[in-house]
Amino acid sequence: MHKPPHRLALIFFLLTLTTLIVTMLLAGALMMLLIQIGLIESRRPLVLVLAMAIASVLVGTVLARFASRAPIAAIVSFRDAAQAVARGDFSVRIREDFRIAELHDMAHHFNIMTRELAGTELLRMDFVENVSHEFKTPLSAIEGYATLLQKRGLDEEKRAEYTDRILRNTRRLSTLTSDILLLSRLEHQETGIHREWFCLDEQLRECILSLEEQWTQKRLEMEVDLDGADYCGSRDLLSHVWVNIIGNAVKFAPEDGVVRVLLRREAEALRVQVADNGAGMSAEVQRRMFEKFYQGDASRSSQGNGLGLSLAKRIVDLHGGRIDVSSAEGRGTAFTVTLPVREADGRAQGKRP
């Protein structure tokens, strides 16, 4: 809980007390002046009290008007800014040069909030734009090839080719939908993922085998060196991570290239590294690689949707781990996933029972 604003309360108390004291002194001085010039007789107490009251009200009103000018101006600025935010204007800012610490902090945090809202709105608009584009591309392809299939006298070779492309774009659309839904769910989930013990090295082997068609077509050499290790985490979610990272290594490795997959069991973590000897990545690509829908290699945009690494990072984050990337243009890329090990179910850290 936040501490009560003692300083603000003290300021208002001193302001009120000062106003009362000054009002009494000025009203008293005014009464003495009126008595001395003979406008009021000191022997008439009722008139004296009435005049004192009127003078106090007048003096107090003037003092209160001047004393409350700064706080009222601050409140009005907060009100106007809040109304602007309610209308969707996140560019509004409040001046922070208040002498009262509480007002300064309020203005400062309000400005932080509007900056965050502006960034969120920009991301939302960019997300909607990218989703629309990503859906439009396969849908247009499906429509185009379906139209071609309606032509009379189409030979079987062309018919098979168009059908294959329709199925390919349908699978791409299905994968895109699944990835968007999964990423949306994971972005709103901080804890509570289902954890279970499973054999991590065996899962990595299964993921490598699931990509066998891709790496055999490119005649890649798969160097696999895995320590035996069990891990307590989400089996299904981590499978997304390995398929994506290993799949990227296979995709960007050159023909007859090499992809290395390593698993090392350390004292407090399990470390998985996937490296290729491909073209590598520029600094700009590395900076943006975890952004949703970002694809550094536009020529390969038809092979993915730009959500894989965003999903992988979010999944690793939910496991309390991290993804590190080491890459240089012309020298290949290495992804390293570090998963912290937890003691549970009486098992030793990362070791089989």
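The model is predicted.

**Nonpolar cores**

The largest nonpolar core has 44 residues. Within this core, Val241, Trp242 and Ile246 touch the most other members. Helix α8 supplies the largest share, with eight residues.

Take tryptophan 242 as an example. Leaving aside residues up to four places away in sequence, tryptophan 242 touches Leu200, Gln203, Leu204, Cys207, Gly247, Val272, Val337 and Leu339.

Another core lies apart from the largest one. This other core has 13 residues, including Ala74, Ala81, Ala84 and Ile100. In soluble globular proteins, nonpolar side chains tend to be buried together.

**Helix α10**

Helix α10 spans residues 308-318. Nine of its 11 residues are buried, so the rest of the structure largely encloses this helix. The buried residues are Gly308, Leu309, Ser310, Leu311, Ala312, Arg314, Ile315, Val316 and Leu318. After α10 comes glycine 320, with a positive phi near 75°.

**Aromatic pairs**

The whole structure holds three aromatic pairs. Two of them are set out here.

| Pair | Centre to centre | Angle between planes | Type |
|---|---|---|---|
| Phenylalanine 78 and phenylalanine 110 | 6.5 Å | 75° | edge-to-face |
| Phenylalanine 198 and tyrosine 231 | 6.4 Å | 85° | edge-to-face |

Phenylalanine 78 sits in helix α3 (residues 69-86), and phenylalanine 110 in helix α4 (residues 101-149). The two are 32 residues apart, and the pair links distant parts of the chain. Both phenylalanine 78 and phenylalanine 110 are buried.

The other pair joins strands. Phenylalanine 198 is in strand β1 (residues 196-199) and tyrosine 231 is in strand β3 (residues 230-233), so this pair ties together parts that are 33 residues apart in sequence. Phenylalanine 198 and tyrosine 231 are both buried.

**Cysteines**

How many disulfides does the structure hold? The count is zero. Cysteine 199 has 21% relative accessibility, so it counts as partly exposed. Cysteine 207 has 4% relative accessibility and therefore counts as buried. Buried means under 20% here. Cysteine 207 is also one of the residues that tryptophan 242 touches.

Key
Residues are numbered from 1 along each chain as its sequence is written. This is a predicted model: local features need pLDDT of at least 70, side-chain atom pairs count only at pLDDT 80 or more; totals for chains, interfaces and linings use all residues. Side-chain values use heavy atoms; hydrogens and water are left out. Buried means under 20% relative accessible area, exposed over 50%, partly exposed in between (1.4 Å probe, protein chains only). Helices (H or I, at least four residues) and strands (E, at least two) are DSSP runs, numbered from the N terminus. A nonpolar core is a set of buried Ala, Val, Leu, Ile, Met, Phe, Trp, Tyr and Cys residues joined through side-chain atoms within 4.5 Å. Contact means heavy atoms within 4.5 Å. A disulfide is a pair of cysteine sulfur atoms within 2.5 Å. Rings of Phe, Tyr and Trp (its six-membered ring) pair if their centres lie within 6.5 Å; planes under 30 degrees apart count as stacked, over 60 as edge-to-face and the rest as tilted.
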